[in-house]
Amino acid sequence: MEKYIEGNKAAWEEAFDKRDASWGADITERIQKEDYPFFEKEMADTLKNMDTKGKTIGQFCCNNGRELLSLVKSGNASKGVGFDIAENQVAFANEKAKELNLPCIFEAVNVYDIDDRFREQFDIVIITIGALCWFENLNRFFEIVAKCMKPGAVIVLNEQHPCTNMLATEGDAEFDPEHKMECHFSYFEHEWTGNGGMYYMTLKNYHSKTFTDFTHSLSEIISGMCNNGIVITGLKEFDHDISGGFSSIDHRGYPLSMILQGNKQ
């Protein structure tokens, strides 16, 4: 395992150990009572229009499992398999699957190391916000994803728009509250290393173990898919934020989020 991935694993497991009591506390109730909870509206609408009944669904970088559990329940899927590197998050997700009596299993594994047990297993793959940034090599990432998809399988990716790579967020030295749409960083290449923790999970500031993430251009994402036999079938771009970092510039004409779809040939 690459050193940066080892560091990210440690940082994510640390964050989960430090999680706020509210993090994940609503999973059981919301999945039992709501239709497609934990998805952004546009992503939920996309999934509702797909034939998920009786299908096998995979999610790469599934976090605490709430999205996959939500989709399997609401979409009447036959099985869900989620992958995440943080062992404690995966244990939590498996507990929730049992509690909800849903046919989901969660595997603690580095995506790059997913083995042939999952070759051509999935009818549908979902990838949601905050997954791609943890991988330096997207061609290698999508090689694994494509391996796990059946011929004809569908992939749906709901992510922060790559154009946000150029923006500074509150807390960055470059951030200017009077010019929030000013571009400060390279669109094409940037590596981030920090110890600022995972605030959205912990709801507190702390000096964390070192984590490393990477920005990727839209062409890098699309090329990673196409190079591995996935044909792009749709792209929708939105001027509203799904990351929590850019909501102050919602609906001002700057691309902030997207849904990218494809099929494996």
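## Close-ups of a predicted model

View 1. R117 counts as exposed, at 53% relative accessibility. For these labels, buried means under 20% relative accessible area, exposed means over 50%, and partly exposed is in between (1.4 Å probe, protein chains only). This is a predicted model, so local features need pLDDT of at least 70 and side-chain atom pairs count only at pLDDT 80 or more, while totals for chains, interfaces and linings use all residues. Residues are numbered from 1 along each chain as its sequence is written, and side-chain values use heavy atoms, with hydrogens and water left out. Now zoom in: the side chains of R117 and E107 meet in a salt bridge, 3.5 Å from N to O. R117 sits in the loop between β3 and β4 while E107 is in strand β3, so the pair ties together parts that are 10 residues apart in sequence. (A salt bridge here is a side-chain nitrogen of Lys or Arg within 4 Å of a carboxyl oxygen of Asp or Glu; helices, H or I with at least four residues, and strands, E with at least two, are DSSP runs numbered from the N terminus.)

View 2. How many salt bridges does a search of the whole structure find? The search turns up 14. One of them joins the side chains of E29 and K33, at 3.1 Å from N to O. Both residues belong to helix α2 and are 4 residues apart, about one turn of the helix. E29 is partly exposed at 45% relative accessible area, and K33 is exposed at 64%. The side chains of K55 and D51 also meet in a salt bridge, this time at 3.4 Å from N to O. Here K55 is partly exposed, with a relative accessible area of 24%, and D51 is exposed, with 52%. As a bit of background, side chains of opposite charge can pair when their charged atoms come close.

**View 3. An open sheet of 7 strands.** Follow the strands across and you get the order β3-β2-β1-β4-β5-β9-β8, with mixed pairing. (Two strands pair if DSSP finds at least two bridges between them.) Which strands stand at the edges? They are β3 (104-108) and β8 (230-238), each with a single partner strand, so one side of each has no neighbour in the sheet. On average, neighbouring strands are turned by 15° against each other, direction ignored. Look in on β4 (residues 122-127) and β5 (residues 149-160), which pair in the parallel sense over 5 bridges. I127 stands opposite L157 in β5.

**View 4. Two helices on the sheet.** Helix α3 (residues 41-48) lies across β4, β5, β8 and β9 (257-264), and runs at about 25° to β9. Helix α8 (residues 218-226) packs on the sheet too, touching β5, β8 and β9, and its direction makes about 155° with that of β8. (Contact means heavy atoms within 4.5 Å; axes are lines fitted to C-alpha atoms, for helices over the stretch in contact, and angles run from 0 to 180 degrees between N-to-C directions.)

View 5. Most residues other than glycine have a negative phi. Y36, though, has a positive phi near 55°. You'll find Y36 in the loop between α2 (27-33) and α3. Is Y36 buried or exposed? Y36 is buried, with a relative accessible area of 9%. L203 also has a positive phi near 55°, and its place is the loop between α7 (199-202) and β7 (211-214). L203 counts as partly exposed, at 44% relative accessibility.

Terms used
Two strands pair if DSSP finds at least two bridges between them.
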